[in-house]
Amino acid sequence: MVADGGAPEPASPAPGLGRALRSCGWIAAYEVGEAARTRLLQLLLVAYAASVALSTWALVRLVAFAERAVAERLGVPTTRRPGTLIEETLRSGSVTEPLRAFLGNGVADQLLDGSSFVALWFGATASVALPALALLSASASISGEVRTRGIRWLLSRATRLEVAAGKLLGQGVLVAVAALLGAAVAFTLSTSLMVVAEPRALAGELLLRAGTSLAFALPFVGLGLGASCWVSGAHTARAIAFGVLFALLWGYARLQDHVGPGGLGRAADGVLLLLPPSLWTDLWGRDPGTLLATAARGGVQGLLFFTLGWARFRGRDL
Amino acid sequence: MSAAALRAEGLVKRYRRTRALDGFSVVVPRGSVCGLVGPNGAGKTTFLSVVAGFVAPDAGTVDLLGLGPFDAARHAGRVGILPQDAELPLASTPRQLLGVWGRLQGMGAAAAGRAVSVALEAVLLADRADQRVATLSHGMRRRLTVAAALLGDPELVILDEPTSGLDPVQAAHLRQRIAAERGRRTVLLSSHNLAEVESLCDHVVMVEAGRCPRQGPLRQVTGADRDVRVRLVPPFPAGRAEVVRLRLAVDDPRCLERATTELLAELLAEGATIAEVHQGDSLERRFLEGAGRLEGTDPASD
């Protein structure tokens, strides 16, 4: 087929949902590829892995210290590698019963029922470091390219929604990769520095915690990308993203005081469900239904923040 | 199929109190190589940004290839765009970048691979295809952006200052590359270099203070279709000055060549010695006249 002027008919994407999904996929792949090639994001990933490594090392030192203190008190020799005593102690009734009495409402059961303390420690670290990584990375995603106008290369080939959604997907993949990387680091360090009775079970536990920390990070991916849609320049977007985060934490704390019976209390409870801190308590258990529902809520929160950014991005001059 | 590759009507774009575009209307015929000329701040880049959909106009309409305003879902692959000052991702290689962009334009893997090779060869970057963009010189990066705009045989190519920052050799090569597109596709390019526009384009759009005071075929804009200047060598025949000017009226049925032949015959019969014959003015002179920046000219009288 020949176009006007004798030029061959150019390849043109077929309109519709299929085209949009393909474009999103290509942009996401491009985003991940760029992250792999860009030093800044490599640095963020290394920083995240390092934070997990440091946290795991700190745990090992803490366990070693505790076990040595116990051994000295009992007058028995210490083990060459720490881990055995604390694992057994945590599983014994002498520790779990007081914890259940203290925490009540089944939270202790969820925490201690079969969970490795290494995995719980990793989960606690990851649920702080991974959202921070997500926020830092996602907030630079669009805003940086708007500043350099590099976004125009994509916008001349994909719609604004495809670009934004593709970048959201790409950032989600990046954070997922970071979550897995962190779990691998925690597994490697803990199995090499401590006595781990069941390495395979620990690997499963770490993967579960990587998944829950990823679910917890999803709203932060949306928040970062949403902020990135509003402004030009990565630093400005990051400042806005962290500003909004602190405002949300403050609002969450204030709203908790208003939860209760009555219309206002229920409304406050409903609003709390839309804020990322509400995910924290529900992500520590092992019940698949609860975890999936909480992960879905994290995804919805992420999409909500993304939509707020998209409302600006769709019409702004780029 | 629309006869115009690009049609814009009544475009207005304000930045705070500044009107970057102030009722800008233009028609770019299909198959033409059209030059957009104007001084700094005239509104050229704003116009091209509006056309490409990067910037939303406050009023007015744009139609590209008869498919409405730019929408990547409809125009990707059919319209190639070289934005001004858009930085390239430095960590990628030209092959990686063009490959992804080709896929976004709807090409399959094999077609994208072929198109990338063709585009890089066209701008003499085939041997740098797998080097990171960060290692390329400014001129190479500029050529890469042109390759991106030409990727996949688009029907309409929009180039904002394509030769800016290039050395003379690179600029000449790029001009040849653009000239080779004549008749194959529509090219709309903006440039400060009026000689470049005159050598490349067959259609010209002048931009001044967000408006388009003049547009049309190059011969018409420069007067090459109706103006002839004949410079004589002294001594001049009685009643003749050094320059004899012939301007055909719009309703004059004669063609310019015939009228010129008649004038030259008349001058020779008067005993004049002819030094030079010029058809029309240079684009630069017309542009300066139109802008009222040529000494001794009055733009209102043209």
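In what order do the three strands of the open sheet with antiparallel pairing in chain B stand? In this predicted model, where local features need pLDDT of at least 70, side-chain atom pairs count only at pLDDT 80 or more, and totals for chains, interfaces and linings use all residues, residues are numbered from 1 along each chain as its sequence is written. Chains are lettered from A and ligands numbered from 1 in the order in which they are written, and side-chain values use heavy atoms, with hydrogens and water left out.

The order is β11-β10-β12 of chain B; strands (E, at least two residues) and helices (H or I, at least four) are DSSP runs numbered from the N terminus, and two strands pair if DSSP finds at least two bridges between them. Because β11 (243–247) and β12 (273–279) of chain B each have a single partner strand, one side of each is left without a neighbour in the sheet. Neighbouring strands of this sheet are turned by 20° against each other on average, direction ignored. Strand β10 (residues 227–233) of chain B is joined to β12(B) by six bridges, and Arg229(B) stands opposite His278(B) in β12(B). Helix α9 (residues 256–269) of chain B lies across β10, β11 and β12 of chain B, at about 20° to β10(B). Such angles run from 0 to 180 degrees between N-to-C directions, with axes fitted to C-alpha atoms, for helices over the stretch in contact; contact means heavy atoms within 4.5 Å.

A second open sheet in chain B has six strands in the order β5-β6-β7-β3-β8-β9, with mixed pairing. Its edge strands are β5 (79–82) and β9 (211–217) of chain B, and the twist averages 15° from one strand to the next. Within chain B, β3 (residues 33–37) and β8 (residues 203–208) pair in the parallel sense over four bridges, with Cys34(B) opposite His203(B) in β8(B).
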